[in-house]
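Please consult the sequence and the structure shown here while reading.

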Amino acid sequence: MPRIGVRTSSGELSTNESTKGDGFVILVTAANGNQGKFLIPRLLTAGQKLRVCVRSEESAQSLRSAGVSDVIVGDITEPGVMTCAMREVEKVYYVGPTLHPKEREMGFAAIDAARESGVEHFVFSSVLHAILTDLTQHEIKRDLEEYLLSSGLEFTILQPANYMMRHRLKPAVEQGVFLLSWALDRYQSMVDLSDVAEVAAAVLADSESHAGATYELVAPGRCTAHDLAQIVSDVLGRKVSAQHIDADQFTAASLGADHETRFPYHTDAARAISRRYSSHDFIGNPNVLTWLLGRKPTSFKQFVQRELEL
């Protein structure tokens, strides 16, 4: 079978030999990211034929080591990358880049490429309450949802709440503080990435049952920062306090002190998140996720116990 490849300024984009026609092929974008690290092992264990798209050779090597043989390395902002990735693919799990200034354009290009390639099922990882227009990343995903609905593609849209993230536990363990960059008394709903991956794998395995669906993915519980800190305290057996961190401090910690000039989009987005979550709760309902999993979703306490191995 022929190899698939295009040439861009970043080099040759290529995959291993095509496997379409010998079981369906699933393309997963951002495959070494937050969701991919949970989803890819599930799909491999289930024996799914995978193609993944990542930006760096380091990520590609990590996925090859995990057992993925069909890897495309390239910047999806470049013309031709998504066209290459979509060839001979039947199903797509599209995860857009986090806080990227071209997220909207990249999503449109991915949907166009999927339609042109005859993809049978496009699963889009969106966000809970994409209708919130005062959050840039939500507004973009709302636009992508609309574009997907109008594309003629068979689709499923997943709308996860805020992720429970391991790295957010580090200050609690090391310094005894649980940090948030918005008002500590506002309530938020969250979801475990492992639960999101379980749903995504099920949707990809049974497209017919989930075609045309939009699912909110929310774990039980509405927690303030103080509630979350108390849960971590209970698990660790020592005091952890909630602490507010300014949005610019938060951004500087990850992107550097010059973030305003080097990463203006990220800076503005972080400030918008802080404003929104400081003035409004961000909550959802766990019923849909419970029905999809066939069990109670992972609670924040269970997440902390698992991640800290306690």
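## Basis of the report

The model is predicted. Two packed helices are described by the angle between their axes and the distance between the axes.

## Helices α1 and α7

Helix α1 covers residues 36-45 and helix α7 covers residues 193-205. Their axes come within 8 Å and cross at roughly 40°. An angle under 35 degrees would count as roughly parallel; α1 and α7 are therefore oblique to each other. Their crossing is right-handed.

On the α1 side, the contact involves F38, L39, R42 and L43. These residues meet L193, S194, A197, E198, A200, A201 and L204 of α7. By class, the contact of α1 with α7 comprises eight nonpolar residues, one polar residue and two charged residues.

Helix α7 contains 13 residues, and the distance from its first C-alpha to its last is 18 Å. This is close to the 18 Å expected at 1.5 Å a residue. The helix is mostly covered, with 10 of its 13 residues buried. The buried residues in α7 are L193, S194, D195, V196, A197, V199, A200, A201, V203 and L204. Several of them, including L193, S194, A197, A200, A201 and L204, also take part in the contact with α1.

V196 belongs to helix α7. Its relative accessible area is 1%; buried means under 20%, so V196 is classed as buried. When residues up to four places away in sequence are not counted, V196 touches Q35, Y93, P160, V191 and L217. The C-alpha atoms of V196 and P297 are separated by 9.7 Å, and these two residues are 101 residues apart along the chain.

## Helices α4 and α5

Helix α4 spans residues 103-117, and helix α5 spans residues 136-149. The two helices pack at an angle of about 20°, and their axes are 9 Å apart. With angles under 35 degrees counting as roughly parallel, α4 is therefore roughly parallel to α5. The crossing in which α4 passes α5 is right-handed.

From α4, the residues in contact are E103, R104, G107, F108, I111, D112 and R115. They meet E139, I140, K141, D143, L144, Y147 and L148 in α5. The contact of α4 with α5 divides into six nonpolar, one polar and seven charged residues.

## Helices α10 and α12

Helix α10 (residues 247-255) and helix α12 (residues 264-279) have axes that come within 9 Å and cross at roughly 140°. Roughly antiparallel applies to angles over 145 degrees, so α10 is oblique to α12. α10 passes α12 in a right-handed crossing.

In this contact, A247, D248, T251 and L255 of α10 meet H266, T267, A270, R271 and S274 of α12. Its residues comprise three nonpolar, four polar and two charged.

## Loop residues with positive phi

Most residues other than glycine have a negative phi, and most peptide bonds are trans. L99 is not a glycine, yet its phi is positive, at about 50°. L99 is located in the loop between β6 (91-94) and α4.

H129 also has a positive phi, near 60°, and is a residue other than glycine. H129 lies in the loop between β7 (121-125) and α5. With a relative accessible area of 24%, H129 is partly exposed.

## Two further loop positions

P101 is in the loop between β6 and α4. The relative accessibility of P101 is 47%, which places P101 among partly exposed residues. P101 and A31 are 70 residues apart in sequence, and their C-alpha atoms are 20 Å apart in space.

S151 is in the loop between α5 and β8 (155-160). S151 is buried, with a relative accessible area of 9%. Apart from its neighbours within four places in sequence, S151 is in contact with I111 and R115, and I111 and R115 of α4 also meet residues of α5.

Note on methods: Residues numbered from 1 in each chain as written. Predicted model: local features only at pLDDT ≥ 70, side-chain atom pairs only at ≥ 80, totals over all residues. Heavy atoms only, no water. Axes fitted to C-alpha atoms, helices over the stretch in contact; angles between N-to-C directions. Helix = DSSP H or I, 4+ residues; strand = E, 2+ residues; numbered from the N terminus. Parallel < 35°, antiparallel > 145°, perpendicular 65-115°, else oblique. Left-handed = near helix turned anticlockwise from the far one by under 90°. Contact = heavy atoms within 4.5 Å. Nonpolar A, V, L, I, M, F, W, Y, C, P; charged D, E, K, R; others polar. Expected span 1.5 Å × (residues − 1). Buried < 20%, exposed > 50% of the residue type's maximum accessible area, 1.4 Å probe, protein only.
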